[in-house]
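I opened a new notebook page for this structure.

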Amino acid sequence: MKKITIAIDGHSSCGKSTMAKDLAREIGYIYIDSGAMYRCCTLFALDEGLIAADGTIDTTTLERRMPEIHVSFRLNAETGRPDTYLNGECVEQRIRTMEVSSHVSPIAALPFVRAAMTAQQQAMGREGGIVMDGRDIGTAVFPDAELKVFVTASDEIRAQRRYDELRAKGQPADFDEVLNNLRERDRIDSTRAVAPLRQADDAIVLDNSHLTIEQQKQWLLERYAERAL
Ligand code: CDP
């Protein structure tokens, strides 16, 4: 079987990462969570005081300091899934907080942030054999990917999934805050000037509102088998 490139894009909190991770593990591919890379840029900006209380970003300093942001992924032997590292520190928990979620879309809309992350993502996928999930993978990062999937689900179902996930990790969460955050991120992600969230013309759409994790995994494995032959 040839090693193909698999791009999984879609709205926020629709379970892209779960299906992408499961598929990669099953078929022995590398999995890259591109959203984690934008979340790392946001965490860096917050830690360095580059985002004011009113949300204003010090873009001049952030652009100058972009070369200081090094994101990598290492397999966690316990969970069997990759953890995200920012400059050598495991930030898997810290990048998933509501604070980071509430600032990430304006950071990800900055052209210089996108240029830096896109270049790193393309370098990671040069050899194929990769599953990457995000917003612009099938449109901007790997426009020639052999398999492109666009995932969505209803707003309420997505908010409930993210709310349950945060609660399960012991993080404070309010359902309405989670729902408003994902709607606001979808709005910013879909309307930004550079690489907005949109379905690639050749993507297969999956509405997983009423699918179990096992069912969506099966669906994706079948799509993979069709393309990788
Ligand atoms: O998992 P969730 O849906 O909450 O989001 P994520 O995949 O972790 O991505 C967080 C944010 O990063 C998104 O809301 C986008 O603003 C941005 N992002 C992006 O602009 N391009 C990507 N390829 C991936 C994420």
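**Helix packing notes**

I first looked up what the buried residues of H5 pack against: helix H2 (34-47), helix H3 (59-65), helix H4 (98-108), strand S6 (130-134) and helix H6 (137-141). I note that this is a predicted model.

Next I asked which residues of H5 are buried. I found Phe112, Val113, Arg114, Met117, Thr118 and Gln121. I recalled that an α-helix has 3.6 residues a turn, so residues three or four places apart point the same way.

Then I checked the length of H5, residues 111-124. Its 14 residues should span 20 Å at 1.5 Å a residue, and the end C-alpha atoms are 20 Å apart, so the two values agree.

I turned to the pair H2 and H5. Their axes come within 11 Å and cross at roughly 140°. That angle makes H2 oblique to H5. The crossing of H2 and H5 is right-handed. From H2, the contact uses Ser34, Met37, Tyr38 and Cys41. From H5, it uses Val113, Arg114, Met117, Thr118, Gln120, Gln121 and Met124. By class, I noted six nonpolar, four polar and one charged residues in this contact of H2 with H5.

Last, I looked at H7 (residues 155-168) and H8 (residues 175-191). Their axes come within 9 Å and cross at roughly 120°. This makes H7 oblique to H8. The crossing of H7 and H8 is right-handed. Among the H7 residues that meet H8 are Arg158, Tyr163 and Leu166. Phe175, Leu182 and Asp186 are among those in H8 that meet H7. By class, the contact of H7 with H8 has seven nonpolar, one polar and seven charged residues.

Definitions and conventions
Residues numbered from 1 in each chain as written. Predicted model: local features only at pLDDT ≥ 70, side-chain atom pairs only at ≥ 80, totals over all residues. Heavy atoms only, no water. Axes fitted to C-alpha atoms, helices over the stretch in contact; angles between N-to-C directions. Helix = DSSP H or I, 4+ residues; strand = E, 2+ residues; numbered from the N terminus. Parallel < 35°, antiparallel > 145°, perpendicular 65-115°, else oblique. Left-handed = near helix turned anticlockwise from the far one by under 90°. Contact = heavy atoms within 4.5 Å. Nonpolar A, V, L, I, M, F, W, Y, C, P; charged D, E, K, R; others polar. Expected span 1.5 Å × (residues − 1). Buried < 20%, exposed > 50% of the residue type's maximum accessible area, 1.4 Å probe, protein only.
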